[in-house]
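Please read this briefing with the structure open beside it.

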2 protein chains.
Amino acid sequence: MYIQYEHHEHYEHMEVSMKIIISNSSNEPIYTQISRQIKGHILKGELKEGDLLPSIRKLAKELQISVITTKRAYDELEKEGFLEVVQGKGSYVAGQNKELMKEKKLKIIEDSLMKVVEESRLLGLDYGEVNEMLKILFEEG
Amino acid sequence: MYIQYEHHEHYEHMEVSMKIIISNSSNEPIYTQISRQIKGHILKGELKEGDLLPSIRKLAKELQISVITTKRAYDELEKEGFLEVVQGKGSYVAGQNKELMKEKKLKIIEDSLMKVVEESRLLGLDYGEVNEMLKILFEEG
DNA sequence: TATAGTGTGTATATACAGTATGAACACCAT
DNA sequence: ATGGTGTTCATACTGTATATACACACTATA
């Protein structure tokens, strides 16, 4: 038996490529567009524990935005436990509980779906009508 | 035959009562909470053409908010053709094309539902899973 | 083994847009 | 005149995005 120190040797991966698309015309803030999409990549399994994300500077340059905006996105992801941000080194994907990943995905959709249902009730639309739209929208893509 | 002038004699209804609930903790602006709910009442048929809405001052007092905020809500509804706002008199429900009301309701839900579908795809959830949630959420209420 | 250099993340001060406000104003009816 | 409407103006606050200067970690190399 030996003691395992916290030297994070398993966080020496190469920087990973990552598709992020931001819209300046959207009313959603840029930093949430970024964090939301990175969260999606992690929950979908395209980013794995220990993966090194692009530095806030590099990502900022690619997306033509400020460093502070990318930092804010990474900060949010760190607070939610998706990243480990290490000064001077970089930002790494944190370990995820695989059993909870499916639940997390469902929770994200449930939250926004709940609002749609509430608004539907306000307008007097029933399940059948909304479901019909959902079906069509899914088939379209 | 006689000429009918635009003196709006058909807009002399009594002030109508109207349930509006606002949340200060919500991230949705107060003025859109109001306009959204009034729009819902109109589209659902609970408010009809010519109905007199509470004055911006009265509504502001009831909701414990500023007159300017209620005005902004009414302004938005006027721009979208749901209200006729008359200085010195009051704010009235405008005539709605009944054939288009159903479509308007569906359009509102479709817009928000589209975002849910896009996010679902991003997370790799399929129609069956989202539909299951939709069903449950509808049954719950 | 120092240390300069280049990469990382961090903190401060600032600008701007959207939201909400009070108070003074203008219009309409009686 | 009076008391009800909606309207306008100047102001404050919050959230978003920014540039610039700072602090930390690695590493090449003298």
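In this predicted model, the contact between the two protein chains draws on 30 residues from chain A and 30 residues from chain B. On the side of chain A that touches chain B, at least two residues each come from helix 1 (30–44), helix 4 (98–123) and helix 5 (127–140), and helix 4 of chain A gives the most, with 16 residues. Sorted by class, that side of chain A holds 17 nonpolar, six polar and seven charged residues.

- By class, the surface near DNA strand C is made up of 10 nonpolar, nine polar and five charged residues.
- DNA strand D is surrounded by 24 residues, and the closest of these are A:Ile30, A:Ser66, A:Ile68, A:Gly88 and B:Ser55.
- For the surface near DNA strand D, helix 1 and helix 3 of chain A each supply at least two residues, as do helix 2 (56–63), helix 3 and strand 2 (90–93) of chain B.
- The surface near DNA strand D divides into 10 nonpolar, nine polar and five charged residues.

**The form of chain A**

- Chain A contains five helices and two strands, and these follow one another along the sequence in the pattern α-α-α-β-β-α-α.
- Chain A is more spread out than a compact globule, because its radius of gyration is 19 Å, which is well over the 14 Å that the globule rule gives for 141 residues.
- Taken along the principal axes, the C-alpha atoms of chain A fill a box of roughly 60 × 45 × 25 Å.
- Chain A is divided into domain 1 (1–96) and domain 2 (98–140), and the centres of these two domains, taken over C-alpha atoms, are separated by 28 Å.
- Of the 141 residues in chain A, 23% are buried.
- When contacts in chain A between residues at least 6 apart in sequence are considered, 61% of them join residues at least 24 apart.

**A:Pro54**

- Apart from its neighbours within four places in sequence, A:Pro54 is in contact with A:Glu15, A:Met18 and A:Leu59.
- From A:Pro54 to A:Leu125 the separation is 71 residues in sequence and 45 Å in space, taken C-alpha to C-alpha.

**Gln64 in chains A and B**

- Most residues other than glycine have a negative phi.
- A:Gln64, although it is not a glycine, has a positive phi of about 60°, and its place is in the loop between helix 2 and helix 3 of chain A.
- A:Gln64 counts as exposed because it has 8 C-beta neighbours inside 10 Å.
- B:Gln64, which is not a glycine, has a positive phi of about 60°, and B:Gln64 is found in the loop between helix 2 and helix 3 of chain B.
- With 8 other C-beta atoms within 10 Å, B:Gln64 is exposed.

Definitions and conventions: Residues numbered from 1 in each chain as written. Chains lettered and ligands numbered in written order. Predicted model: local features only at pLDDT ≥ 70, side-chain atom pairs only at ≥ 80, totals over all residues. Contact = placed C-beta atoms within 7 Å. Helix = DSSP H or I, 4+ residues; strand = E, 2+ residues; numbered from the N terminus. Nonpolar A, V, L, I, M, F, W, Y, C, P; charged D, E, K, R; others polar. Near = placed C-beta within 6 Å. Rg over C-alpha atoms; globule rule 2.2 N^0.38 Å. Buried ≥ 20, exposed ≤ 12 C-beta atoms within 10 Å, placed from the backbone. Domains from an automatic or database assignment.
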